[in-house]
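Take a look at the chain shown here.

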Amino acid sequence: MENRRFTLLILCLLGTVLAKGQDTLATRITYDLTTEAAVGTGDFTAYQLSTNRHDVLGTRPNTAYLRGALNLEQPLSKNLVLSAAVDVVGAVHANHKAYLQQCYANLSYQSFYLEAGSREDPQVVRDDLLSIGSFIKGTNAKPVPQVRVGTNGFWTVPYTKQWLQVNFSFGYGKFLDSSYREDCFWKASDVNNVYTTGTYYHQKHLYFRSNPEKRFFAVVGIEHAVQFGGTNHRIINGELVVKPKPTGLKDFLDVILPLGDSQYYENKAGEDWVYGNHVGVMTYQLGWNMNRHHQLQAYLDNPFDDGSGIRKGNGWDGLWGVQYANRTPGRQYVRGAVVEYFQSTNQSGPLHWDPGDYPEPVRSQITDMVTGNDDYYNHFFFGGYSHYGMTFGNALITSPIYNKDGYTGFRDNRIKAWHVGINGELTDRLSYLVKGSYREGWGTYDHPLPVRHHSFDALIQAMYAQGPWHVSAAYAFDKGNIYGDCSTFDLKISYHGKIL
């Protein structure tokens with residue numbers, strides 16, 4: 001139902017703009033056609049091929065798809081531009097046979113926009129091609145349809161002599177995977193005891209950056225996302241108990257900040273200790289323009305699942321990285337490179353001890369409070385921070401879609417991992433990409449793994465461009481006991497055309 005409403009909205013806007021576009025040469029309509037096939041051995045398509053691609057290429061082995069997108073851009077005035085897109089995918093041997101990947105309308109005024117629909121967003125400060133990605137708003141899952149406002153890239157704040165730039169987004173949306181979650185629950189009810197449908201979504205980010213053209217510059221910011229509302233279904237004593245959550249105006253406002261109900265125990269609503277499932281990341285980044293064409297950046301993305309993470313009570317947890325960028329014109333054998341270390345083993349310690357979890361008079365007698373065991377991406381009411389089984393954030397934390405027994409939560413969120421990526425051009429038309437990750441996992445604090453998980457995952461890809469045609473060939477493999485031993489060859493062909 002949600003897909004139909006957004007599709008109707010976008011089609012109406014497209015019709016309006018197409019009618020107006022008949023009278024102006026400024027209208028721009030393009031289309032994209034793409035086909036991709038991945039074949040190989042193993043239980044899954046190799047990790048590096050299916051990760052951080054908005055869940056387009058299926059995780060199942062021997063999968064393929066055909067994709068078509070129509071893009072429209074219509075200037076309404078010098079500073080006002082209306083754009084829209086419809087992007088459809090049809091796949092075989094995949095979790096989704098036919099679906100709308102993107103469907104949105106965007107109204108931009110200078111550096112600001114208002115948008116409705118689902119859209120594949122690039123990351124704000126991480127390299128989409130090379131990095132493992134953001135902890136919160138990465139590129140791993142299908143986009144959630146939402147209504148939002150924000151900036152188109154970084155906006156230079158007036159009267160700061162171009163010294164200060166800001167990038168922000170603020171929006172509300174709704175998950176489309178209710179049927180998927182319900183189906184997964186009933187197919188594996190022996191390992192699942194909860195699922196939530198009709199979940200709403202709130203996201204925002206705010207980044208500040210000093211002038212990136214100076215010798216040294218800095219970036220600081222925060223990303224925050226919330227799952228809220230919805231109807232929870234839980235098996236208690238063999239019975240299915242259904243519990244809806246309100247989604248009135250007050251609830252939409254309450255999730256902007258992590259506020260909750262101090263009387264949650266008396267109200268028998270432990271999930272309202274903080275209303276909604278709040279996750280976030282704080283970024284600290286330093287950049288050095290070594291010269292006109294070469295840039296080096298170092299960064300830390302610090303995750304938080306509650307206040308202890310914000311206070312950096314989670315030790316060395318976070319994404320620690322160094323990124324090199326080569327902006328020299330023409331062919332460059334090394335265009336960019338990243339080296340990243342990711343850790344999520346601390347999670348503010350193994351214990352969570354809150355007086356609010358007990359009734360009076362016991363509550364007033366407890367003087368100590370420990371807010372640990374953050375259990376990244378898991379939540380006892382909403383299940384997990386995922387969309388159609390894929391995490392939105394750091395894909396090194398294995399997504400539920402890979403659980404062979406059908407469990408819908410994150411089984412292995414305490415990990416340590418290294419990741420490297422490098423790309424460049426071999427000729428004017430031929431470029432390459434090489435990525436590799438090694439990770440070790442210990443399960444969760446509540447359910448530690450009896451045997452340490454580990455995996456080495458690598459990709460080598462060649463890309464050829466000739467006019468509107470783009471062809472890529474890739475080979476990727478996994479070794480270890482997370483995804484198993486997978487080996488996948490991939491071929492992708494795309495064409496970008498223009499109608500007006």
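The notes below start with the whole chain and then go topic by topic.

This is a predicted model, in which local features need pLDDT of at least 70 and side-chain atom pairs count only at pLDDT 80 or more, while totals for chains, interfaces and linings use all residues. Residues are numbered from 1 along each chain as its sequence is written, and side-chain values use heavy atoms, with hydrogens and water left out.

**The whole chain**

- The chain holds six helices and 26 strands. Helices (H or I, at least four residues) and strands (E, at least two) are DSSP runs, numbered from the N terminus.
- Of the 500 residues in the chain, 52% are buried. Buried means under 20% relative accessible area, exposed means over 50%, and partly exposed lies in between (1.4 Å probe, protein chains only).
- Take the contacts between residues at least 6 apart in sequence: 64% of them join residues at least 24 apart. Contact means heavy atoms within 4.5 Å.

**Strands around strand 10**

- Strand 10 (residues 216–236) pairs with strand 9 in the antiparallel sense, over 15 bridges. Two strands pair if DSSP finds at least two bridges between them.
- H202 has V226 in strand 10 as its bridge partner.
- Strand 11 (residues 239–244) is another antiparallel partner of strand 10, joined by six bridges. I235 has L240 in strand 11 as its bridge partner.
- Two residues lie between strand 10 and strand 11 in their hairpin, and N237 in the turn has a positive phi of about 55°.

**Aromatic rings**

- The whole structure contains 32 aromatic pairs. Rings of Phe, Tyr and Trp (its six-membered ring) pair if their centres lie within 6.5 Å; planes under 30 degrees apart count as stacked, over 60 as edge-to-face and the rest as tilted.
- F175 and Y201 form an edge-to-face pair, 5.7 Å centre to centre with 90° between the planes. F175 lies in the loop between strand 8 (164–174) and helix 3 (178–187), and Y201 lies in strand 9 (residues 194–210), so the pair ties together parts 26 residues apart in sequence.
- Are these two residues buried or exposed? F175 is buried at 1% relative accessibility, and Y201 is buried at 5%.
- Y341 and W418 form a tilted pair, 5.0 Å centre to centre with 50° between the planes. Y341 is in strand 15 (residues 336–343) and W418 is in strand 22 (residues 415–425), so this pair ties together parts 77 residues apart in sequence.
- Ring pairs also link a cluster, whose members include F175, Y201, F342 and Y376.

**Charges over rings**

- R126 lies over the face of Y299, 3.6 Å from the ring centre. A charge sits over a ring if NZ of Lys or CZ of Arg is within 6 Å of the ring centre and within 35 degrees of the ring normal.
- R414 places its charged end over the ring of Y445, 4.1 Å from the centre.

- Q343 belongs to strand 15. Q343 is buried, with a relative accessible area of 9%.
- Beyond its neighbours within four places in sequence, Q343 is in contact with W316, D317, G318, I415 and K416.
- H447 is in the loop between strand 23 (430–443) and strand 24 (448–466). At a relative accessible area of 59%, H447 is exposed.
- The C-alpha atoms of H447 and R411 are separated by 7.8 Å, though the residues are 36 apart along the chain.

**Positive phi**

- Most residues other than glycine have a negative phi.
- H54 has a positive phi near 60°. H54 sits in the loop between helix 2 (47–50) and strand 2 (63–75), and is buried at 12% relative accessibility.
- D375 has a positive phi near 50°. D375 lies in the loop between strand 17 (370–371) and strand 18 (378–379), and is buried, with a relative accessible area of 18%.
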